[in-house]
Amino acid sequence: MVDHLLGIEGLSKSEIYRYLDTAQSFVEVSERDIKKVPTLRGKTVIHVFFEPSTRTLSSFDIAGKRLSADTINISSSSSSVKKGETLLDTVRTLESMNPDVLVMRHSESGSPHFAARHLSRASVVNAGDGAHEHPTQALLDLLTLRQHFEPKGLGLEGLKVGFIGDVRHSRVARSNIWAHLALGNDVRVVGPSTLVPHEFADSFGSGRVKVIHDLEQGLEGLDVVVCLRMQLERQDEHFIPNLDEYSKEYCVSERVLAKCCPQSVVLHPGPMNRGTEISGDVADGPRSLIRQQVNNGVAVRMAVLYLLARTAEPHEEYER
Amino acid sequence: MSIHRPVVIENGTLIDSATDREGAFDILVEGGRVAAIEKPGALKAHADAERIDAKGQWVIPGCIDLHVHLREPGEEWKETIQTGAEAAVLGGYTSICCMPNTKPANDSAEVTRFIIEKAKAAAAARVLPIGAISMERKGKQLAPYNELAKAGCVAFSDDGDPVADAGLMRRALEWCLMLGLPLSCHEEDRNLSCGGSMNESPLSLKLGLKGFPGVAEDVMIARDIELARFTKGKVHICHVSTARGIELIRRAKNDGINVTCEVAPHHLVLDEGCCAGYDTNCKMMPPLKGHEDIEGLFAGISDGTVDAIASDHAPHDRDSKLVEFSRATVGILGLQTSLPLFVELCSKGKVSRKRMVELLCHGPAKSFGLSSGTLRVGSDADITVLDPSVRWQFTSDDVRSKSKNSPFIGRELTGKAANVLVGGRRVVSNGALAG
């Protein structure tokens, strides 16, 4: 049985901690002068990105290389998808070259699950599927929070966490919500009713998530504020009247944070629209953990590749 | 129709809602028609007759499906009129009405005649073409209704492309009223459904799939009911999937508006939860719903609001389903599973067997103004003899269609058409196509 990482949904608390512990142990590798360990030497990782990406792709690629895996990047603009090949044919073709891990990003929800169902040897890692999940982003967000709270004698549990903005279209929010629910945290989704419909309350199990439409009320008492990217084309789809109206009501500023949740820290998965969903003073201010998020991306992806590529080859244990 | 040997169907239980018969009757078929219906043993001996022993079985009027897609002309790799008509009789259907979403669309007598010729050669179920409401089903210009009706069309529909232009819909209703033919409407406001690929709900939000809200169907049902009221034309609502849609139709019927409707079996026996694994064989339009809507559909079935069960048989090749969920083709096979799924609902007490027969036979006939769907002396001998108790596993080898897109493959089904007569000719014999 080949292991995959398709989503955070269904992971237990201990599985989440296993990823985080492993990631933490890899943080140090990136701080060395020679940033490379031989752990995955001889393993092949293919990144197949059907949707553009800068930080996720480069972070996966660096992660693979620091573990000494051979990595190949395929993007939709250069791939045979452009020539009309189906997703299934593309991933089967790639699997024929015996990669150990296929890291996949796709604009349509469920695509990595579909690929995983039809592959027999390669592990599939979901690097973001439509508006569904982005599990490595959630893990790196958790690692960032853990590094922040642990020195204060706190942990990842017992937190009040809010997701602010376009939750409807956010895979980052969904993966994070599953993770925080697994950790037993208090989860709120905050934004206008078009982007944060009341049905969200039951999407993760009946009533497990609180839906709030007023920003100040939603921020009240939060420990963690996760700002979500507002996709600029949403105004043409009638989800918001216009960006001005949206930002006046929902832009997370230092003023409102100081008023509603002075102790909070702020995350943003990037790329940011400054002045739309997050103000510059928050993004660059003392409560922002945004740079650490990017920094942790590499360690988390190293952990994911390591855990999957290792479990994919159990006989390795005997050879040692 | 050529002359066949007389057929005697004996020892069975005749169920016919139109004549209110439910009990032991023997039937004599001669010259393609029902010649006699008598209490057991009362038929005069016919030494030369072919005998069908229907002991323990139900004898019902041949089932009528108001909504199938036969893909020919244009997409013969998915289905042909031959394979579709054969799948139909194996599923207990003696008449099927085929939607005009062929390539080219059925908007001319040539296409209608082509379908009818092919169906004759298939020599299985009767195939009754549905003509387009608008040219090329594009919603811009009325189709030639008289030409289509004369060629053999029994209703009009733009199938999966709902008529967005209310003005065109009004004129179509007015014209077709002169012909006495219904407009069969897939109800969807595309500005509301917005390309959604499953029911809009907490689950669609969880899965990150674009939702298709039930109200996209309801507002169009409401519009067409008002247009039917205004024009006095005849509207038939396809595959109603919402509780609210049923309620709107219930009220319209109470108001005396000329409206009928159908429900598809998959909307009754499957729910939106089937989409949770992104299984493209659970992607249909309208999408599978949640429990409240399903209860509303059952309520409509019990109280008579629903006129017909229609399969919305939609064959699609494997490749077009082996893709991302949002990009997969829409719909599933239905002809061979509708009857067994209903027999199962019967055995669970969700619907009475007489009501089931009404929904599969006389109800659809009345909706489209067909004379079939009942068994009286002198009727065409379209008869389905079904074994209600046989339990069998539905496998892809059982599928007669060219496509295999059914979420029911692998499922144990209850009930099967054992013998089927079309115009007195035995087309299914002991559960298999007659040679």
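**A walk through the predicted model**

Let's begin with confidence. Chain A has an average pLDDT of 93, and 95% of its residues reach at least 70. This is a predicted model, and one stretch of chain A calls for some care: residues 312–320 have a pLDDT below 50, and beyond near neighbours in sequence this stretch makes four contacts in the model. Where pLDDT is low, the predicted coordinates should not be read in detail.

Now for the overall layout of chain A. The domain assignment divides the chain into domain 1, made of 13–133 plus 297–314, and domain 2, which covers 135–293. The centres of domain 1 and domain 2 of chain A, taken over C-alpha atoms, are 26 Å apart. Where the two touch, domain 1 of chain A contributes 20 residues and domain 2 of chain A contributes 17. On the domain 1 side of that contact in chain A, α1 (13–27), β4 (123–129) and α12 (290–311) each supply at least two residues. The largest share of that side comes from α1(A), with six residues. By class, the domain 1 side in chain A has nine nonpolar, six polar and five charged residues.

Next, look at how helices pack. Two packed helices are described by the angle between their axes and the distance between the axes. In chain A, helix α5 (residues 135–149) and helix α6 (residues 171–182) have axes that come within 8 Å and cross at roughly 55°. How do α5(A) and α6(A) lie relative to each other? With that crossing angle, α5(A) and α6(A) are oblique to each other, and the crossing is right-handed. From α5(A), the contact uses A:P135, A:Q137, A:A138, A:D141 and A:L142, while α6(A) brings A:V172, A:S175, A:N176 and A:A179. Among the residues of this contact, five are nonpolar, three polar and one charged.

For another helix pair, move to chain B. Here helix α7 (residues 214–231) and helix α8 (residues 243–254) pack with their axes 9 Å apart, at an angle of about 15°. Angles under 35 degrees count as roughly parallel, so α7(B) and α8(B) are roughly parallel to each other. The crossing of α7(B) past α8(B) is right-handed. On the α7(B) side you will find B:G214, B:E217, B:D218, B:I221, B:A222 and B:I225, and they meet B:R244, B:G245, B:L248, B:I249 and B:A252 of α8(B). Sorted by class, the contact of α7(B) with α8(B) holds six nonpolar, two polar and three charged residues.

Key:
Residues are numbered from 1 along each chain as its sequence is written. Chains are lettered from A and ligands numbered from 1 in the order in which they are written. This is a predicted model: local features need pLDDT of at least 70, side-chain atom pairs count only at pLDDT 80 or more; totals for chains, interfaces and linings use all residues. Domain bounds come from an automatic or database domain assignment. Two residues are in contact if their C-beta atoms, placed from the backbone, lie within 7 Å. Helices (H or I, at least four residues) and strands (E, at least two) are DSSP runs, numbered from the N terminus. Ala, Val, Leu, Ile, Met, Phe, Trp, Tyr, Cys and Pro count as nonpolar, Asp, Glu, Lys and Arg as charged, and the others, Gly among them, as polar. pLDDT is the predictor's confidence in each residue, from 0 to 100. Axes are lines fitted to C-alpha atoms, for helices over the stretch in contact, and angles run from 0 to 180 degrees between N-to-C directions. Angles under 35 degrees count as roughly parallel, over 145 as roughly antiparallel, 65 to 115 as roughly perpendicular and the rest as oblique. A crossing is left-handed if the near helix is turned anticlockwise from the far one by less than a right angle, and right-handed if clockwise.
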